[in-house]
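User: I would like to learn how to read this entry feature by feature. Please give the general idea each time, then the case at hand.

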There are 2 protein chains.
Amino acid sequence: MPNREMVAKELSDIFKLIAHPDRIRLIEELRFEEKDVNSLAQILNLPAPRVSQHLALLRASRLVEERRDGRHHLYHLTQPEIAGWIIEGIDFIEGRHTGLTKTQIKSARKHWSTAHH
Amino acid sequence: MPNREMVAKELSDIFKLIAHPDRIRLIEELRFEEKDVNSLAQILNLPAPRVSQHLALLRASRLVEERRDGRHHLYHLTQPEIAGWIIEGIDFIEGRHTGLTKTQIKSARKHWSTAHH
DNA sequence: TGCATATCTGCAAAAACATGCAATCTTGAA
DNA sequence: TTCAAGATTGCATGTTTTTGCAGATATGCA
């Protein structure tokens, strides 16, 4: 298979993997710290087997890794880049709703994060 | 539906839309200039009806727009941000193959684009 | 008008995904 | 040991996507 097609195929596989609302929120939740299956299930309000299945998919493509601690299975991200795409995407959607561009959002953030308020 | 879920849903719909190798290459081809269906079909080596169907999907979600010129239907991107995600993704995949991080690629590019060679 | 080119639409068959639930496995603690 | 909690696995079922054509449209030109 020609190289450009291969790259497009691999990239589409990653997009497919994150093209599911539960998995997007899962990755979002794992952005800053590892969490176990039950916590995730409660936070996302999903049955535990479902969370486990999503995590198995992400694990198969090495987007997350598992670490055991007693009877808890703790998951963490292994490709922070991809979590970054999701955050970027969320910004994009939210900006779209408020009618703001990403640049406007950035400058608004900068404005509100400065000390003079 | 709670807001975070809505955002995750909308974002997953966009990811789904670009989670197809043909559509990734299509968007890549339209990055710098508009092109008509036949050119795209030839470049990507796909049957024209298939290209047309992909474009119809992208059009329905306003990722591209159509402009007619005689019997040609010229398509162009309307959300350069999303094309950006794809370019970013391609860099990521390619970097992964060479074992380089994105940062390393960037600095290599900077190095080779300077004048002292 | 009539023909060829460029593109779109519709539809059926195949493939890929998502979902719910029961059964199973593993570990810590009584 | 035995039990319960935390997770995973397997499978049947339902839903979406993808694919391959055939046929329909629309446009420019002889």
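**Strands, copies and DNA**

Analyst: Start with one bridge: B:Lys35 has B:Tyr75 in S3(B) as its partner. Helices (H or I, at least four residues) and strands (E, at least two) are DSSP runs, numbered from the N terminus. This is a predicted model: local features need pLDDT of at least 70, side-chain atom pairs count only at pLDDT 80 or more, and totals for chains, interfaces and linings use all residues. Residues are numbered from 1 along each chain as its sequence is written, chains are lettered from A and ligands numbered from 1 in the order written, and side-chain values use heavy atoms, without hydrogens and water.

User: How many bridges join S1 of chain B to S3(B), and how many join S2 of chain B to S3(B)?

Analyst: Strands of a sheet pair through backbone hydrogen bonds, either parallel or antiparallel. Two strands pair if DSSP finds at least two bridges between them. Here S1 (residues 35-36) has 2 bridges to S3(B), antiparallel. S2 (residues 64-69) has 6 bridges to S3(B), again antiparallel. In the S2(B)-S3(B) hairpin, 2 residues lie between the strands, and B:Gly70 takes a positive phi near 65°.

User: Which strands are at the edges of the sheet in chain A?

Analyst: Read the strand order. In chain A it is S1-S3-S2, an open sheet of 3 strands with antiparallel pairing. S1 (35-36) and S2 (64-69) are the edge strands, each pairing on one side only. S1(A) has 2 bridges to S3 (residues 72-77) of chain A. A:Asp36 stands opposite A:Leu74 in S3(A).

User: What else makes up chain A?

Analyst: It has 6 helices and 3 strands. The run from the N terminus is α-α-β-α-α-β-β-α-α. Of its 117 residues, 41% are buried (under 20% relative accessible area; over 50% is exposed, in between partly exposed; 1.4 Å probe, protein chains only). Contact means heavy atoms within 4.5 Å. Among contacts between residues at least 6 apart in sequence, 47% join residues at least 24 apart.

User: Is A:Arg25 buried or exposed?

Analyst: A:Arg25 sits in H2 (residues 21-29) of chain A. Its relative accessibility is 11%, so A:Arg25 counts as buried. Residues of both chains touch A:Arg25: A:Ile43, A:Leu44, B:Arg4, B:Glu5 and B:Ala8, not counting residues up to four places away in sequence.

User: What does the side chain of A:His54 make a polar contact with?

Analyst: A polar contact is a pair of N or O atoms within 3.5 Å; within protein, one must be able to donate a hydrogen and the other to accept it, and residues adjacent in sequence count only if both atoms are side-chain atoms. For A:His54, the partner is the side chain of A:Asp22, at 3.1 Å. A:His54 belongs to H4 of chain A and is buried, with 7% relative accessible area. Beyond four places in sequence, A:His54 contacts A:His20, A:Asp22, A:Arg23 and A:Leu26.

User: What rotation superposes chain A on chain B?

Analyst: Copies are superposed by least squares on the C-alpha atoms of residues with pLDDT of at least 70 in both. The rotation is 180°, with 0.0 Å of shift along its axis and an RMSD of 0.1 Å. The two copies are therefore related as by a two-fold rotation axis. Both use the same surface: 97% of the contact residues of chain A recur in chain B.

User: Which residues are closest to DNA strand C?

Analyst: A residue is near a strand if one of its heavy atoms lies within 4 Å of it. DNA strand C has 20 such residues, the closest being A:Arg50, B:Asn38, B:Ser52, B:Gln53 and B:Tyr75. A phosphate oxygen lies 2.7 Å from a backbone N or O atom of B:Asn38. Another pair has a phosphate oxygen 2.4 Å from a side-chain N or O atom of B:Ser52. For the bases, a side-chain N or O atom of B:Gln53 is 2.8 Å from a base oxygen. H4(B) gives the most to this surface, with 4 residues.

User: Which residues are closest to DNA strand D?

Analyst: They are A:Asn38, A:Ser52, A:Tyr75, B:Arg50 and B:Gly70, out of 20 surrounding residues. A side-chain N or O atom of B:Arg50 lies 2.3 Å from a phosphate oxygen of DNA strand D. B:Gln53 places a polar side-chain atom 3.4 Å from a base oxygen of DNA strand D. H4(A) gives the largest share of this surface, 4 residues.
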